[in-house]
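Me: I would like to learn how to read this structure feature by feature. Could you take me through it, with the general idea before each case?

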2 protein chains.
Amino acid sequence: MRSSIVDVAEKAGVSIATVSRVLNGSDKVKAKTRERILSVIQEMKYAPNPAARGLIMKKTEAIGLLLPDLHGEFFSEVIRGADEAVQKHGYHLIVSSSHNDPNEIEAALRFMRGRVDAIVLMSPQVNAEILLENLPKSLPIVLLNCRTDNTHYDTIVIDGFGGAREMTNYLLDLGHRKIAVITGGENNSESEERLRGYRAAMTDRHFTPNHSMEHQGNFTEISGYEIAREILRQKHHPTAIFAFNDSMAIGAIKAIREEGLRIPSDISICGFDDIPVAKYISPSMTTVHVPISELGTMAINRVFDRMTKHSKDTTAHVFVPTKLCLRSSCKKINTMSNQEKEEIAV
Amino acid sequence: MRSSIVDVAEKAGVSIATVSRVLNGSDKVKAKTRERILSVIQEMKYAPNPAARGLIMKKTEAIGLLLPDLHGEFFSEVIRGADEAVQKHGYHLIVSSSHNDPNEIEAALRFMRGRVDAIVLMSPQVNAEILLENLPKSLPIVLLNCRTDNTHYDTIVIDGFGGAREMTNYLLDLGHRKIAVITGGENNSESEERLRGYRAAMTDRHFTPNHSMEHQGNFTEISGYEIAREILRQKHHPTAIFAFNDSMAIGAIKAIREEGLRIPSDISICGFDDIPVAKYISPSMTTVHVPISELGTMAINRVFDRMTKHSKDTTAHVFVPTKLCLRSSCKKINTMSNQEKEEIAV
DNA sequence: TACAAAAATGTAAACCTTTACATTAAGTAT
DNA sequence: ATACTTAATGTAAAGGTTTACATTTTTGTA
């Protein structure tokens, strides 16, 4: 049976209060007593019971991180950033994946209640606000890329609109006109933002966005692969494919290669997120840079801000800018195609 | 202030014992009473305090997962597998990364003590056995790919030796003789096993392993990239590079391409792990398949086996076989090179 | 040396559950 | 109706900490 504070106290010939005091470093206890207690603790391999401590302190030193999914490098980067930040504060992470399922979100939230001091929730697909309602108001919550107008929670959202618009503009600048996009899952707010950006860029340049150019994927490599195959099967296929995340772009590249086309000379392809592997694949991928691990870090730091009461009652709403990351998977459209057109026209 | 069981009891006009009973479903309480209590619980949004419950039950419903690192797709797959398994049991995951630092491992272990019902520890680089010593003996622990002969803990280890040997044999079969390897970090047992496998294959075929062919990386893309660059700078560079994980292989591919060489016609490259992205990059990567997410699943399932006392006292030592995964990044050595040799000889 | 003030330590309540055991209520058979 | 059995509920202890407040010890000063 594990030894408790009373065992330590007995063995050291003091009261439990004194032991508790040296444990918490706070109060002044005579140096000699402290040493004696410390050595007893060491000897007995005593460690305070977190449940008992948590019970009275109402602190857990853990933070909940609830992600929609765990596939791919994106989320692992978020976790990495969050873990780093959390460790800096001596805290730890309870990670859970919801698979975009409201029931699982609810289960995770229920579990976390009372077990964490704060929650970072990423839920681009299901509206989680209702689920948050029966959490104590005092629990700091940061919404990461959630669809919400709610100002009651702290929010961090990536500028998917701006990033996609910029990328689309870039493709237009390169001369592309037939630009296909591969979107994320249905009802996914991240995907919707990016789609909005794409359409806005098209409209701004007086092209009417062609809905037949918008193909629905689900943010996985396999979906990118399959959709790209379909796209390439068309007679006059697009000259550029804009996948709404890098995983799908990677899948698409495979499909393109299998079709015997070269990138970027035959077709341009770009992604979104700039996951670490994006710069290593070949050709290195032109994409929209998102500070992924920083997303995790920011969310955690925000949570600590909240907890330390610097900003007890004011919610913060951070809008994370993206940056075009130009590499080698996109190219000025082949002037050949103009020539071809002429030839065809003749 | 959060409502407690006494608030519920009062409002429902019963004792806390009865409330507790309906909460735990176990004992028989009159249907009518149960309903009344249930509705009060709903109304008050009452949720039992996990700390209090944990204090008396000595159960946390959480499992600790301590990983050496969080970079790349490998670990995210392990987490994914573990999370899946854990959710099936209604449990949750406390994830932490140790950065291969003994102090961080110790801190994480200390934190987890009393906060989890079991620990899965992956620590290929630092010998963690000493650190485990001041954990209660009753706490189930699974060692994942740790360097250990200890039979006191459950272990799961990948057959790195066999996998690397098989891959090396395959390369030899393709006619390669100058096979460079890029290893993982110093003192990393996974890397060492793979190196042992490589050397064994060479020796078996009566080639003396040439130590100048063994380059030390650290399992990151960047290290693969940099080392491959060095390798290619040699006059008579190897005809094949065997990176000890896929991330490094991906980095190496970038370096190879930058050098203007084609894969696999000019040089063959292969990896280890078969991370999801490996089949999507081009050329699709020949690698050693490791059931990564299953590693997480297996570890968790083992832990539950232990906890449910099916196998209370017998430790299990699982050896996970790997499988050669042949794709397109390796090729029979160009017979041209024989011709070249002759030309040079003339 | 005596006394006040300051420092060190101790006592006991509180945190919120679960559960063994005690008690009361509700059936059941005579 | 009575005695007995079973079902339903209640009481109180236990689990391991922290901390306000009480008490004792030490230190400093007159």
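Me: Which residue is the bridge partner of B:I63 in strand 3 of chain B?
Reply: Strands of a sheet pair through backbone hydrogen bonds, either parallel or antiparallel. Here B:I63 has B:A118 as its bridge partner in strand 3 of chain B. Strand 1 (residues 62–67) and strand 3 (residues 118–122) of chain B run parallel and are joined by four bridges. Two strands count as paired if DSSP finds at least two bridges between them. Strands (E, at least two residues) and helices (H or I, at least four residues) are DSSP runs, numbered from the N terminus.

Me: Before we go on, how should I treat the model and its numbering?
Reply: This is a predicted model, in which local features need pLDDT of at least 70 and side-chain atom pairs count only at pLDDT 80 or more, while totals for chains, interfaces and linings use all residues. Residues are numbered from 1 along each chain as its sequence is written, and chains are lettered from A and ligands numbered from 1 in the order in which they are written.

Me: In what order do the 12 strands of the open sheet lie?
Reply: The order is 11(A)-5(A)-4(A)-3(A)-1(A)-2(A)-2(B)-1(B)-3(B)-4(B)-5(B)-11(B), with mixed pairing. At the edges are strand 11 (317–320) of chain A and strand 11 (317–320) of chain B, each pairing on one side only. Neighbouring strands are turned by 20° against each other on average, direction ignored. For such angles, axes are lines fitted to C-alpha atoms, for helices over the stretch in contact, and the angles run from 0 to 180 degrees between N-to-C directions.

Me: In which sense do strand 2 of chain A and strand 2 of chain B pair?
Reply: Strand 2 (residues 92–97) of chain A and strand 2 of chain B pair in the antiparallel sense, over three bridges. A:I94 has B:I94 as its bridge partner there.

Me: How many residues of chain B are in contact with chain A?
Reply: Residues are in contact if their C-beta atoms, placed from the backbone, lie within 7 Å. By that rule, 43 residues of chain B touch 43 residues of chain A. On the chain B side, helix 4, helix 5 (72–88), strand 2 (92–97), helix 6 (102–112) and helix 11 (246–258) each give two or more residues. Helix 5 of chain B gives the most, with seven residues. That side of chain B divides into 20 nonpolar, 12 polar and 11 charged residues. The classes are simple: Ala, Val, Leu, Ile, Met, Phe, Trp, Tyr, Cys and Pro are nonpolar, Asp, Glu, Lys and Arg are charged, and the others, Gly among them, are polar.

Me: At what angle do helix 5 and helix 12 of chain B pack?
Reply: Helix 5 of chain B and helix 12 (residues 292–307) of chain B pack at about 40°, with their axes 6 Å apart. The two helices are therefore oblique to each other. Angles under 35 degrees count as roughly parallel, over 145 as roughly antiparallel, 65 to 115 as roughly perpendicular, and the rest as oblique. The crossing of helix 5 and helix 12 of chain B is right-handed. The contact of helix 5 with helix 12 of chain B holds 10 nonpolar, five polar and four charged residues.

Me: Which residues come nearest to DNA strand C?
Reply: A residue is near a strand if its C-beta atom, placed from the backbone, lies within 6 Å of it. Of the 27 residues around DNA strand C, A:A17, A:K28, B:I5, B:S20 and B:A52 come nearest. Two or more residues each come from helix 2 (16–24) and helix 4 (50–57) of chain A, and from helix 2 (16–23) and helix 4 (50–57) of chain B. Helix 2 of chain B has the largest share, five residues. By class, the surface near DNA strand C has 14 nonpolar, seven polar and six charged residues.

Me: And which residues come nearest to DNA strand D?
Reply: Among the 29 residues around DNA strand D, the nearest are A:I5, A:S20, A:A52, B:V14 and B:A17. Helix 2 of chain A gives the most to this surface, with six residues. The surface near DNA strand D divides into 16 nonpolar, seven polar and six charged residues.

Technical notes:
Contact = placed C-beta atoms within 7 Å. Left-handed = near helix turned anticlockwise from the far one by under 90°.
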